[in-house]
Amino acid sequence: MDFAQIGGKVPYRYPEYTIEFSAQQPFALELEYQRSFSKEDLVSETRRQWKKTGTSFEKGWIEQLSTLLVDVQEKDQITLYVDASYNSHFYFNGSFVGAIKDPEFTRQFAGIWLSERTTRPKIRSDLLGQS
């Protein structure tokens with residue numbers, strides 16, 4: 001899939017990653033990592049963000065993420081593509097790795113960056129064009 005065709009992407013750089021967001025529906029979040037992270041780090045950080053924002057999450061979501069995420073090195077990309085049914089499709093360096101077909105998962109996972117409860121309001125405001 002050519003994410004450039006989704007349109008509207010503007011890159012923002014942060015210490016951990018560069019992130020691009022396409023606000024069109026369906027939408028995509030693309031993270032290009034600025035340093036290495038293990039798969040376990042990524043899953044753990046997801047869980048930590050959900051806890052910090054008071055997000056209720058299902059244990060099965062963590063297990064599913066563990067099967068989809070991989071260790072990343074500097075310049076690797078993980079893309080979340082959200083389809084019209086609000087299912088999450090994950091890509092690693094442009095290759096499809098799997099999907100989680102649960103709209104509530106998608107809301108909560110994308111909410112790490114886009115929710116009003118995010119722990120990173122600057123990222124949210126940048127992505128939504130509010131800065």
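**Group meeting: a walk through the predicted model**

Glutamine 49 lies in helix H1. Is glutamine 49 buried or exposed? At 5% relative accessibility, glutamine 49 counts as buried. If we set aside the residues within four places of glutamine 49 in sequence, its contacts are Ile112 and Thr119.

Next, the helix around that residue and its partner. Helix H1 covers residues 39–52, and helix H2 covers residues 59–68. The two pack at an angle of about 155 degrees, and their axes are 10 Å apart. An angle over 145 degrees counts as roughly antiparallel, so H1 is roughly antiparallel to H2. The crossing of H1 past H2 is right-handed.

Which residues make that contact? From H1 they are Lys39, Val43, Thr46, Arg47 and Trp50. From H2 they are Trp61, Ile62, Leu65 and Ser66. Sorted by class, the contact of H1 with H2 holds 5 nonpolar residues, 2 polar ones and 2 charged ones.

One more residue in this region. Glutamate 63 is part of helix H2. With a relative accessible area of 46%, glutamate 63 is partly exposed. Between glutamate 63 and valine 43 there are 9.0 Å in space, C-alpha to C-alpha, and the two are 20 residues apart in sequence.

Now the aromatic rings. How many aromatic pairs does the structure hold? The number is 11. One of them joins tyrosine 33 and phenylalanine 37, with ring centres 5.8 Å apart and planes at 70 degrees. Planes over 60 degrees apart count as edge-to-face, so that is how this pair is classed. Tyrosine 33 is buried, at a relative accessible area of 7%. Phenylalanine 37 also counts as buried, at 15% relative accessibility.

There is also a cluster linked by ring pairs, made up of Trp50, Trp61, Phe90, Phe105, Phe109 and Trp113.

On to a strand. Valine 82 sits in strand E4, which spans residues 77–82. How accessible is valine 82? Its relative accessibility is 0%, so valine 82 counts as buried. Not counting residues up to four places away in sequence, valine 82 touches Pro26, Phe27, Asn87 and Thr106. Alanine 110 is 28 residues from valine 82 in sequence, and the C-alpha to C-alpha distance between them is 9.1 Å.

Where is lysine 75 found? Lysine 75 is in the loop between H2 and E4. Lysine 75 is not a glycine, yet it has a positive phi of about 80 degrees. At 49% relative accessibility, lysine 75 counts as partly exposed.

Tyrosine 86 is in the loop that runs between E4 and strand E5, residues 88–92. Tyrosine 86 has a positive phi too, of about 70 degrees, although it is not a glycine. Its relative accessibility is 26%, so tyrosine 86 counts as partly exposed.

To recap: H1 and H2 are roughly antiparallel, and ring pairs link a cluster that includes Trp50 and Trp61. Valine 82 in E4 is buried, whereas lysine 75 and tyrosine 86 are partly exposed. That is the end of the tour.

Technical notes
Residues are numbered from 1 along each chain as its sequence is written. This is a predicted model: local features need pLDDT of at least 70, side-chain atom pairs count only at pLDDT 80 or more; totals for chains, interfaces and linings use all residues. Side-chain values use heavy atoms; hydrogens and water are left out. Axes are lines fitted to C-alpha atoms, for helices over the stretch in contact, and angles run from 0 to 180 degrees between N-to-C directions. Helices (H or I, at least four residues) and strands (E, at least two) are DSSP runs, numbered from the N terminus. Angles under 35 degrees count as roughly parallel, over 145 as roughly antiparallel, 65 to 115 as roughly perpendicular and the rest as oblique. A crossing is left-handed if the near helix is turned anticlockwise from the far one by less than a right angle, and right-handed if clockwise. Contact means heavy atoms within 4.5 Å. Ala, Val, Leu, Ile, Met, Phe, Trp, Tyr, Cys and Pro count as nonpolar, Asp, Glu, Lys and Arg as charged, and the others, Gly among them, as polar. Buried means under 20% relative accessible area, exposed over 50%, partly exposed in between (1.4 Å probe, protein chains only). Rings of Phe, Tyr and Trp (its six-membered ring) pair if their centres lie within 6.5 Å; planes under 30 degrees apart count as stacked, over 60 as edge-to-face and the rest as tilted.
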